Amino acid sequence: MSNEKKDAKEKDLEKNTSNAEGKTMTTNQGVKVNDTNNSLKAGERGASLLEDFILREKITHFDHERIPERIVHARGSGAHGYFELYENQEKLTKAGIFTDTSRKTPVFVRFSTVAGSKGSADLARDVRGFAVKFYTEEGVFDLVGNNMPIFFIQDAMKFPDLIHSVKPEPDREIPQAASAHDTFYDFVSHTPETLHNHIWVMSDRAIPRSFRMMEGFGIHTFRLVNKEGKSHFVKFHWKPMLGVKSVTWDEAVKLHGADTDFHRRDLWDAIEAGNYPEWELGIQVVPEEDEHKFEFDLLDPTKLIPEEMVPVQRIGKMTLNRNPDNFFAETEQVAFHPGHIVPGIDFSNDPLLQGRLFSYTDTQLSRLGSPNFHEIPINRPVNEVHNNQRDAHMRMTVNKGKTAYFPNSIGGGCPHLAKMAEGGFTSYEERQDGNKVRARSESFSDHFSQPGIFYRSLEEWEKEHVAEAYSFELGKCTYDHIKKRMLWLINQIDENLAEKVAGNLRMEIPSEIEKPVNQAIGADAGSKTNQPGKRKDYLKNSAALSQTHLKSESIEARKIAFLVSDGFNASEFSKMKNALEKEKAVVNIVASHGGEVKCSENKKHKVDAALMTTESVVFDALYIPGGNKSIDSLMEIAKAKKFINETIKHCKAIAIDSEAEKLFDETYGKDFKKDDAIFINKGPEDFIKAIQMHRNWKREKEAKKIPA
Ligand code: HDE
């Protein structure tokens, strides 16, 4: 790429990149190395010598290669890109990224799971982190969000409890990256404020098809502040251009084995192929004077503002167009912080956000080992940094001059302070007046209404999946009293849902549970009870909560398996391949064997995956071209039939040519020939439309019976 085309951050990172192409190996001190395979010894069979500085340096560096993984969000994947604004938002904010439409602001994004370790599987049922670092001209702005619009707890004080409960149990260190265990449900069942985020985690949002197909949310209410100092409350949203899509739980379980890096690979491959993931940035704006107009408290992070009450305005677009050069240097060392804001953006008093403002710098001190983590290339702003902070571990900047204090005269008073006109940050002057209390507002105690709205807003198939997820998770718990508390709580959200789950567990829904319900906030202390009130049905449902609300026509980067063996029909194959590739889908030849496979015209085609090395769950759809020889040999392979059965079971689109029908008839396919997304001897058009739909959920009830 020519240097002019590179954005400010790319040019900045270049100062630290290194490329060994055509270069001689050296030690870290720059001494040329002749042998990196043998240590220095007293004779070929003699003892190693301590003086071997080349061995010592190599081994010492290796011994210290690991840094502590993030306590949460340890497993993540990153990408570079840029953000562009559609329209000047100066009425709301003075922030340059939201007022200057000519800017292309560089960003680095890291997606993550929360509970699992760095090496855990991508498809764990979990919240996904969605953290965006904007390298703006006025400094770094981090929007450190999740793929769900609410959080589990209302006060930062509860965060260690929440995380300790979901992490592997401390005696045996199991289960890894899974919420389905006793300690998590012990906590949840005693902490009803968790129920809203929890029901989202029970939905398919917790098992996305791709990072590219997730929404993102800033969660907390923030402020936008304009030039006149007027503030509006704001919630941030990311809306994916590919719509919101998920896999089924059965696929997620199988993907744990088939491809633990499924999401990481998908993001990387899409960007490499030029299918750049895109999201629109949306804002919900609430004028200060409307703060108390809602049935819930805007400062309560377990509540969302339904889009029916305050619409989401789309103000810009983010595109991810470049993979990192080095995972450790960029994705691992990137340090996000909700406290990294720029003039024009400010905080609200959300007690979870307020606690986060402390935690993120603190955690980098142990993870990255020094208060100089802002100097690590991926973290440093693209504008200049000048202040009187000095020294500490791994200081990179060589500060000139004698003065590291303010005020000074010896250094000419520099660095001097920014006047307001030069864009210095000033906090929004919110009036604060209150007694020091360790308490929670009564306006935070409605824990059942919004989970109810969420559940009622789902499509039938989504509701079914939620009931199955609760049943699975509680089915993994061993304590009956915990399950009973959970059933009672679910019943407060929705009676139908509770009945289904109780039926699966063969348990009764208790009519009472021991009080206090709200143990987590010390319900019996003080005069306030803070007990959760009864569910209020102030909104029947909110269409935006179902993942079907964001539609997309694109099949870009969808992976389509072409199942073949030698002798497959070349013309049918090419027609389908060309049509799918025109739509930017990715065609993979899955063959009875590895290496190459011959078509009916005796041409050799490179096999992308042999049946023995892959599984149906890594693909979005299946096509089987005709060719008797190919079909006859596939009929001999049990894995080919399993592949087809699973594709049917997971409600995916299938196209088969007429000669392949006999193979299909040897699978459960014979019972599904009238299905809306199964096409026998039809052109690619219908198949493409079915792939756009993602899944034919109408099939699910019957397809579930397939024992695959
Ligand atoms: Fe975080 N969170 N968090 N969190 N969080 C971290 O910071 C924390 C919360 C989120 O890709 C840690 O650098 C506290 C909400 C993301 O590097 C740590 C509380 C939301 C990431 C931390 C919360 C998030 C983190 C661990 C409650 C959504 C990954 C490593 C008060 C709005 C960022 C690190 C990345 C990471 C603390 C709650 C999102 C320990 C104390 C709410 C996406 O500082």
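This is a predicted model: local features need pLDDT of at least 70, side-chain atom pairs count only at pLDDT 80 or more; totals for chains, interfaces and linings use all residues.
So, which residues is N146 in contact with, once we leave aside its neighbours within four places in sequence? They are V127, R128, G129, F130, F217 and I219. By contact I mean that the C-beta atoms of two residues, placed from the backbone, lie within 7 Å.

Before I go on, some housekeeping. Residues are numbered from 1 along each chain as its sequence is written.

Okay, back to N146. This residue sits in strand 4, which runs over 139–146. Helices and strands here are DSSP runs numbered from the N terminus: H or I with at least four residues for helices, E with at least two for strands. N146 is buried, with 24 other C-beta atoms within 10 Å. The cut-offs, with C-beta atoms placed from the backbone: buried is 20 or more other C-beta atoms within 10 Å of the residue's own, exposed is 12 or fewer, and partly exposed is in between.

Now the partner, H73. It lies in the loop between helix 2 (53–63) and strand 1 (76–85). H73 is buried too, with 23 other C-beta atoms within 10 Å. Leaving aside its neighbours within four places in sequence, H73 is in contact with S112, V114 and G129. And G129 is also on the contact list of N146.

That takes us to the ligand. There are 26 residues around it, and R70, H73, R110, G129 and A156 come nearest. A residue counts here if its C-beta atom, placed from the backbone, lies within 6 Å of the molecule. Strand 2 (104–113), strand 3 (128–136), strand 4 and helix 9 (351–367) each supply at least two residues of that shell. Which element gives the most? Helix 9, with six residues. By class, the shell has 14 nonpolar, nine polar and three charged residues. For the classes, Ala, Val, Leu, Ile, Met, Phe, Trp, Tyr, Cys and Pro count as nonpolar, Asp, Glu, Lys and Arg as charged, and the others, Gly among them, as polar.

Let's zoom out. The chain is divided into domain 1 (76–375), domain 2 (459–524) and domain 3 (553–703), with bounds from an automatic or database domain assignment. The centres of domain 1 and domain 2, taken over C-alpha atoms, are separated by 27 Å. Their contact takes 19 residues from domain 1 and 22 residues from domain 2. On the domain 1 side, the elements giving two or more residues are helix 4 (182–189) and helix 5 (195–202). Helix 4 gives the most to that side, with four residues. That side divides into seven nonpolar, six polar and six charged residues.

Helix 4 has another partner as well. Helix 3 (residues 159–166) packs with helix 4 at an angle of about 145°, their axes 6 Å apart. The axes are lines fitted to C-alpha atoms, over the stretch in contact for helices, and angles run from 0 to 180 degrees between N-to-C directions. D161, L162, S165 and V166 in helix 3 meet T183, F184, D186 and F187 in helix 4. That contact has four nonpolar, two polar and two charged residues.

Have a look at the loop between those helices. P175 is in it, and the peptide bond from I174 to P175 is cis, with omega near 0°. E173 lies in that loop too. Although not a glycine, E173 has a positive phi of about 55°. Is E173 buried or exposed? Exposed, with 10 other C-beta atoms within 10 Å.

Compare A557, in the loop between helix 13 (495–505) and strand 11 (559–564). A557 has a positive phi of about 65°, again without being a glycine, but A557 is buried, with 22 other C-beta atoms within 10 Å.

Last stop, F643 in helix 16 (residues 638–649). F643 is buried, with 24 other C-beta atoms within 10 Å. Leaving aside its neighbours within four places in sequence, F643 is in contact with L563, L611 and S616.
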